[in-house]
Amino acid sequence: MDATVLLWIDDLFSRTQLQQKLNARHVQTQIPLNLQDVLARLQDDPRSIVITDSQNAILTPENIQSLKPFAERIVVFYPHVQHDRATALEKQGLRHVYPRSRVFADPVNVLEQIMKG
């Protein structure tokens, strides 16, 4: 897979788990520092993809507005019990909102499907 994956995940355990799975499949990962870093990387590299957690405090309505131009390249995972949060994120314009288990089971497959369009 020829893309850089930005793991914008606050939870260290989740971030490390995904990073190990992606690195094992030779997918380059980076850890962005803040929203500005994410936006800069998305603008600079059209093949970059962001994976983030629906529980990430940075996913405010204002910040989601900033991310909307890149919505096709943002994956948000959510706990199965938070369907309402997933629906709210989709209504705000994020297109790839999946249960945590789907993303963690095979993150490369999820990313490849997104890249295919």
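This is a predicted model: local features need pLDDT of at least 70, side-chain atom pairs count only at pLDDT 80 or more; totals for chains, interfaces and linings use all residues.
**Ground rules.** I number residues from 1 along each chain as its sequence is written, and side-chain values use heavy atoms, without hydrogens and water. Local features need pLDDT of at least 70 and side-chain atom pairs 80 or more, while totals for chains, interfaces and linings use all residues.

**Sheet.** I took helices (H or I, at least four residues) and strands (E, at least two) as DSSP runs, numbered from the N terminus. I found an open sheet of five strands, ordered S2-S1-S3-S4-S5, with parallel pairing. Pairing needs at least two DSSP bridges between two strands. The edge strands are S2 (28–30) and S5 (96–99). I then checked S4 with S5: they pair over four bridges, in the parallel sense. Val75 has His96 in S5 as its bridge partner.

**Thr52.** I placed Thr52 in strand S3 (residues 49–53). Thr52 is buried, at a relative accessible area of 0%. Buried means under 20% (1.4 Å probe, protein chains only). I looked up its contacts (heavy atoms within 4.5 Å). Beyond four places in sequence, they are Trp8, Ile9, Leu59, Val75, Val76 and Phe77.

**Cores.** A nonpolar core here is a set of buried Ala, Val, Leu, Ile, Met, Phe, Trp, Tyr and Cys residues, joined through side-chain atoms within 4.5 Å. The largest has 18 residues, and Val50, Leu67 and Val76 are among those with the most contacts inside it. Elements giving two or more residues to this core include strand S1 (4–8) and helix H3 (61–67). H2 gives the most, four residues. Apart from this core I noted another, of 17 residues, including Leu22 and Phe77.

How values were computed
Buried means under 20% relative accessible area, exposed over 50%, partly exposed in between (1.4 Å probe, protein chains only).
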